[in-house]
Amino acid sequence: MQISVNGKIHNVDAGEETPLLWVLRDHLGLTGTKYGCGIGACGSCTVLLEDEPVRACLTLLGEVENKKITTIEGISPESNHPVQQAWEELQVPQCGYCQSGQIISAVALLSETDEPTDEDIDEMMSGILCRCGTYPRIREAIKLAARKISEQRTNQ
């Protein structure tokens with residue numbers, strides 16, 4: 001089966017019932033997407049499927065053929081997406097385990113909303129569990145990233 005991940009087409013030899021998370025990590029070596037709970041409850045495995053956040057542990061390979069998948073590795077080749085910059089600038093991660101899911105969801109939010117409110121952020125980020133409790137820094141990083149994206153648009 002062929003799948004498109006981070007702008008590249010990959011031939012994958014796995015069954016259609018294989019969770020996308022295992023395809024990404026074990027077949028393609030993209031280990032930035034984390035295995036957390038395996039039941040879609042923690043959000044650590046969140047990736048973008050056609051620009052919408054989905055849980056890779058619950059998404060089956062058979063569901064993603066001919067669809068665009070973006071992992072944390074695909075957000076920016078140089079790791080300089082405004083969300084990644086804001087995360088680093090505000091030192092958001094502690095243990096870092098949920099952070100790829102958090103960043104992927106923040107990118108999805110900012111692709112839909114230029115100036116997210118606290119409620120917008122809480123709604124999008126709900127379901128991605130941070131055991132370290134970095135939620136206030138995540139919220140501030142998303143607002144900083146929104147400003148960075150706005151500045152980039154102004155300077156173009």
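Guide: Start with Gln 91, in the loop between H2 and H3. The model is a predicted one.

Visitor: Why is Gln 91 called exposed?

Guide: Its relative accessibility is 59%. Exposed means over 50%, so Gln 91 counts as exposed. The backbone deserves a look too: phi of Gln 91 is positive, about 50 degrees, although the residue is not a glycine.

Visitor: What makes Asp 51 partly exposed?

Guide: Asp 51 has 39% relative accessibility. Buried is under 20%, exposed is over 50%, and partly exposed lies in between. Therefore Asp 51 counts as partly exposed. Asp 51 sits in the loop between S3 and strand S4 (52-55). Its phi is near 70 degrees, a positive value in a residue other than glycine.

Visitor: Which residue with a positive phi follows H1?

Guide: Gly 29, with phi near 70 degrees.

Visitor: Why is Leu 60 called partly exposed?

Guide: Leu 60 has 23% relative accessibility. Buried needs under 20%, so Leu 60 counts as partly exposed.

Visitor: Where is Leu 60, and what does Leu 60 touch?

Guide: Leu 60 is in the loop between S4 and S5. Leaving out residues up to four places away in sequence, Leu 60 touches Glu 16, Glu 17, Thr 18, Pro 19 and Leu 20. Take Glu 17: 43 residues separate it from Leu 60 along the chain, yet their C-alpha atoms are 5.3 Å apart.

Visitor: How do you know that Gly 101 is buried?

Guide: The relative accessible area of Gly 101 is 0%. The cut-off is under 20%, so Gly 101 is buried. This glycine lies in helix H3. Beyond four places in sequence, Gly 101 is in contact with Gly 43, Ser 44, Thr 46 and Ile 128. Gly 38 is 63 residues away in sequence and 14 Å away in space, C-alpha to C-alpha.

Visitor: What makes Ile 103 buried?

Guide: Ile 103 has 9% relative accessibility. Under 20% is the rule, so Ile 103 counts as buried. Helix H3 holds Ile 103. Its contacts beyond four places in sequence are Ile 72, Val 83, Gln 84 and Trp 87. From Ile 103 to His 81 the C-alpha distance is 9.9 Å, across 22 residues of sequence.

Visitor: Which residues touch the most other members of the largest nonpolar core?

Guide: Val 83, Trp 87, Leu 110 and Ile 142, out of 23 residues in that core. Helix H2 (82-89), helix H3 (99-112), helix H4 (118-125) and H5 each give two or more residues to this core. Apart from it lies another core, of 16 residues, including Leu 21, Ala 56, Leu 61 and Ile 69.

Visitor: What does Trp 87 touch?

Guide: Not counting residues up to four places away in sequence, Trp 87 touches Val 92, Pro 93, Gln 99, Gln 102, Ile 103, Ala 106, Ile 138, Ala 141 and Ile 142.

Visitor: Which residues of helix H1 are buried, and what covers them?

Guide: In helix H1 (residues 20-27), Leu 20, Leu 21, Val 23 and Leu 24 are buried. Their cover includes strand S1 (2-5), strand S3 (46-49) and strand S5 (68-70).

Visitor: What lines the largest pocket?

Guide: Its lining residues are Leu 110, Thr 113, Asp 114, Glu 115, Pro 116, Lys 143, Ala 146, Arg 147, Ile 149, Ser 150 and Arg 153. They divide into 4 nonpolar, 2 polar and 5 charged. Helix H5 (residues 135-155) gives the most, with 6 residues. The space in this pocket is about 160 Å³.

Visitor: How do you know that the chain agrees with a compact globule?

Guide: For 156 residues, a compact globule would have a radius of gyration near 15 Å. The protein chain has 15 Å, so the two agree. Along the principal axes, the C-alpha atoms fill a box of roughly 45 × 35 × 25 Å. Of the 156 residues, 44% count as buried.

Visitor: How many helices and strands are there, and in what order?

Guide: There are 5 helices and 5 strands. From the N terminus on, the elements run β-β-α-β-β-β-α-α-α-α. Among contacts with a separation of 6 or more, 60% come from residues 24 or more positions apart.

Definitions and conventions
Residues numbered from 1 in each chain as written. Predicted model: local features only at pLDDT ≥ 70, side-chain atom pairs only at ≥ 80, totals over all residues. Heavy atoms only, no water. 1 Å grid on protein atoms, 1.4 Å probe; cavity = no way out; pocket = protein on both sides within 12 Å on 5 of 7 lines; lining within 4 Å. Points joined across faces, edges and corners; volume = space filled by probe spheres on them. Helix = DSSP H or I, 4+ residues; strand = E, 2+ residues; numbered from the N terminus. Nonpolar A, V, L, I, M, F, W, Y, C, P; charged D, E, K, R; others polar. Core = buried A, V, L, I, M, F, W, Y, C linked by side-chain atoms within 4.5 Å. Buried < 20%, exposed > 50% of the residue type's maximum accessible area, 1.4 Å probe, protein only. Contact = heavy atoms within 4.5 Å. Rg over C-alpha atoms; globule rule 2.2 N^0.38 Å.
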